[in-house]
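Q: Hey, can you walk me through this one? I'm new to reading structures.
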Amino acid sequence: MIEGFRLGVFSRGATLWDGLDFAFGDAAAWFVAGPPSSGKTLLLSILRGERRPDAGDVLVTGNSLYRGNAAHARAWRASCGHVPEQTISGARLTVGDLFRRSALAGGGVRESERKDRADRLLEMVGLPGASGWRIAELSISERVRACLAAELLRGPKVLFCDGVVAGAGIPCREMLWGLFRALAREGNTVVLAERTIPERWALAAGDGAPVGPFRVYRLPVPGEG
Amino acid sequence: MSEQPSLWWIDWRLSRASVVRETIGRFLFFCFIGFALLSMLLSGGASRFFADRYVITAVLRAEVPPAEAEGLARKVAALPPVRSASYRDPEAAWKEFLRAYPGLDALRGAGGNPMPGYIEIRIRPDRLTGDDVDLVASALRSVPLVERVLAGEEWFPRLLRAGRLAFRLGWGIFGAFLAGFFLVARLQERARAVALAADFAFLAERGVPAGRMALLRAAAAAVSGFLLAAAGTAAGGGALFASLRTFPFLEGVIGPPADLLLPRTIAAAVLFSLGAAFLSAAASLLGWRAARSGRK
């Protein structure tokens, strides 16, 4: 369980938001929708333990990320996956390098196993045989999907995705819808931040809960009552 | 929670091509510098060269019997700074004289052999100092059998000065090469840290402490630096050994090949490898710091 209590952020000389409470339960896919410049990326950074909020605190399984044990915060970050909105575009970097880097962060992934899993993950996100492709030569949608696949290599317990649904594009929505719900069904937690929720997703998720400038949805997980 | 990632040889895992290039370059450098180091250690700068040529001559009185002269030579040879002391009787001295100045046979005609016997004393290369030469010369002068000691006191201080200068120059050049290695290694480490900055940021974002990354990179640099220096010095030693066997005249300047296996030579090579490990680790840490602070 990830809980944000009375979270507040002051940015550019003004209060972006203050006093927000969040509760993201385990084994679920969460969708945070918010207008541009509302602080979605900032919220994800705070929840990941990357950026201390200007007010409030974040608790993970009851322990404070910012006021508690530093080792706990590090372990939390190590258990998280993160697909940023601004994907990397290193000129020489290949898709395979993303997986190599991710495997290094995960530790203990053998080379043969990494390659095997990378191939399967790339195929799953619609990029079969993309290991040798240069990131700089990929479209935005391909980059987002490649980054997502690389993060999944480590099998993170919690996955934060910033603008992944919009970045991947409409043709990939069905795939992502199935993927995120499948991850949740397997006991992982997924937190998505987007400007708008796709109509079909909103219909399935029902009315989201308004939290400050955001609306938080819980996507239905297959097999739930 | 994910298990703690292993960061050993992190650079190797992320950027093999540049690591291989730098490793080859460093190994070749250590081969060269190892060759130079062992040559310097064995030769002692110019000491062996000078010691091979410098001789103290103790001219004996005419009436000294050969048995006493040989006994004296043995006593002189037992002095700590002395490498060898050999007695030449008057007849051998006369032959040497004639070899040096042919056509002067007539000098012997009237009063017999005019040449006295003498003891030729050579000093050990590591004891070729003013004090040690004075010790030997004064010991000989106090012996009644000795008429005169020729130790080249007029020019010997100049020889020692030249030796010291050559010694300092040699080690100075060696130190300059090591400083150059440190500078280049630091630049390489910085360039690699800059090239891998995105990877390090990625890892830091996923809970890997930056300090741990820096320390483990430095530790890996130290280990590889030690191994490369040891391997390079061994290869340089092998090349030196082969050179000394192929060109025996080099032994007079550098020393015998067997000296390469003396415990003190091996200890010096190990110390050098440890120094290389320290320099490699320092270059890694400084390169990391420079890359992190964004200095170009």
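Q: How much of chain B is buried?
A: Buried residues are 33% of the 296 in chain B. Buried here is 20 or more other C-beta atoms within 10 Å of a residue's own, with C-beta atoms placed from the backbone. Keep in mind that this is a predicted model, where local features need pLDDT of at least 70, side-chain atom pairs count only at pLDDT 80 or more, and totals for chains, interfaces and linings use all residues. Residues are numbered from 1 along each chain as its sequence is written, and chains are lettered from A and ligands numbered from 1 in the order in which they are written.

Q: OK, and how many helices and strands are in chain B?
A: Chain B has 10 helices and 4 strands, counted as DSSP runs (helices are H or I, at least four residues; strands are E, at least two) and numbered from the N terminus.

Q: Is chain B spread out or compact?
A: Spread out: its radius of gyration, taken over C-alpha atoms, is 29 Å, well over the 19 Å that the globule rule gives for 296 residues, so chain B is more spread out than a compact globule. That rule is 2.2 Å times the number of residues to the power 0.38.

Q: What box do the C-alpha atoms fill?
A: Roughly 105 × 35 × 30 Å for chain B, along the principal axes.

Q: New topic: at what angle do helix 2 and helix 7 of chain B pack?
A: About 170°, with the axes 11 Å apart. Axes are lines fitted to C-alpha atoms, for helices over the stretch in contact, and angles run from 0 to 180 degrees between N-to-C directions. That makes helix 2 of chain B roughly antiparallel to helix 7 of chain B (an angle over 145 degrees).

Conventions: Angles under 35 degrees count as roughly parallel, over 145 as roughly antiparallel, 65 to 115 as roughly perpendicular and the rest as oblique. A residue is buried if 20 or more other C-beta atoms lie within 10 Å of its own, exposed if 12 or fewer, and partly exposed in between; C-beta atoms are placed from the backbone.
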